[in-house]
Amino acid sequence: MARNQQRKNLPQLIIAFKKLLERRNDVLLYLHCEPMQDQGGDLLNLCESLGLATSGPEPKVVFPTGFNVGVGYSIEDLNKIHNCSTLCVNTSFGEGWNCSVSEGFATKTPVIGPKNTSFIELLDDDRGFLYDSGESWDKYIVFPNDNNVWRPLPNLIQLVDTMSYVLDNKNEANRRVER
């Protein structure tokens with residue numbers, strides 16, 4: 001669950017998911033956002049460029065139907081989405097309080113996030129799964145129109161390893177969601 005905007009870093013989540021698909025084919029990526037015409041890029045085109053189906057009999061990446069960022073979905077529908085999710089994965093360059101982390105906690109869905117900003121506190125103490133972000137001086141970037149803030153780049157190799165680990169270790173995932 002993230003808005004399609006630059007800071008949420010959804011293109012890198014999509015490419016990390018593509019790499020996860022090379023390890024296992026029993027996964028599907030649901031992106032709860034507008035795929036185009038929001039503050040971010042054309043996510044449908046990005047998926048297509050990676051050969052990830054977004055429609056048809058076996059889509060690998062799914063977006064909500066009839067979604068509008070100004071209206072959203074009902075709490076009942078959000079609960080249904082979270083309750084059928086296996087993981088809640090974040091690739092954001094930075095967050096204050098990330099709503100999807102709280103929603104993952106509330107529905108006992110394992111949460112994976114980068115070691116940056118509030119994710120460090122929210123997912124520490126084995127409440128979730130952290131992966132490296134901005135671990136060296138060459139893993140930072142400044143974006144245009146972003147208040148000249150240095151943003152840490154997530155380690156996508158470690159993200160894919162973490163997603164695989166959580167999917168393969170359900171007992172550990174269950175232990176953490178009960179904290």
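Here are a few notes on a helix pair, a pocket and a cavity in this predicted model.

1. Start with helix 6 (residues 156–168) and helix 7 (residues 170–177). Their axes come within 5 Å and cross at roughly 95 degrees. With 65 to 115 degrees counting as roughly perpendicular, that is why helix 6 is described as roughly perpendicular to helix 7.

2. Who touches whom here? On the helix 6 side you'll find Tyr 165, Val 166, Leu 167 and Asp 168, and they meet Lys 170, Glu 172 and Ala 173 of helix 7. By class, this contact splits into four nonpolar and three charged residues, with no polar ones.

3. Next, the largest pocket, which has a volume of about 670 Å³. It is lined by 32 residues, and those closest to its centre are Leu 28, Leu 29, Tyr 30, Ser 85 and Leu 87.

4. Which elements build that lining? Two or more residues each come from helix 1 (10–23), strand 1 (29–30), helix 3 (75–83), strand 3 (88–89) and helix 6. Helix 1 gives the most, with four residues.

5. The largest cavity has a volume of about 40 Å³.

6. Around the largest cavity sit Gly 104, Phe 105, Lys 108, Thr 109, Pro 110, Val 111, Arg 127 and Val 177. Sorted by class, the cavity lining has four nonpolar, two polar and two charged residues.

Terms used. Residues numbered from 1 in each chain as written. Predicted model: local features only at pLDDT ≥ 70, side-chain atom pairs only at ≥ 80, totals over all residues. Heavy atoms only, no water. Axes fitted to C-alpha atoms, helices over the stretch in contact; angles between N-to-C directions. Parallel < 35°, antiparallel > 145°, perpendicular 65-115°, else oblique. Contact = heavy atoms within 4.5 Å. Nonpolar A, V, L, I, M, F, W, Y, C, P; charged D, E, K, R; others polar. 1 Å grid on protein atoms, 1.4 Å probe; cavity = no way out; pocket = protein on both sides within 12 Å on 5 of 7 lines; lining within 4 Å. Points joined across faces, edges and corners; volume = space filled by probe spheres on them.
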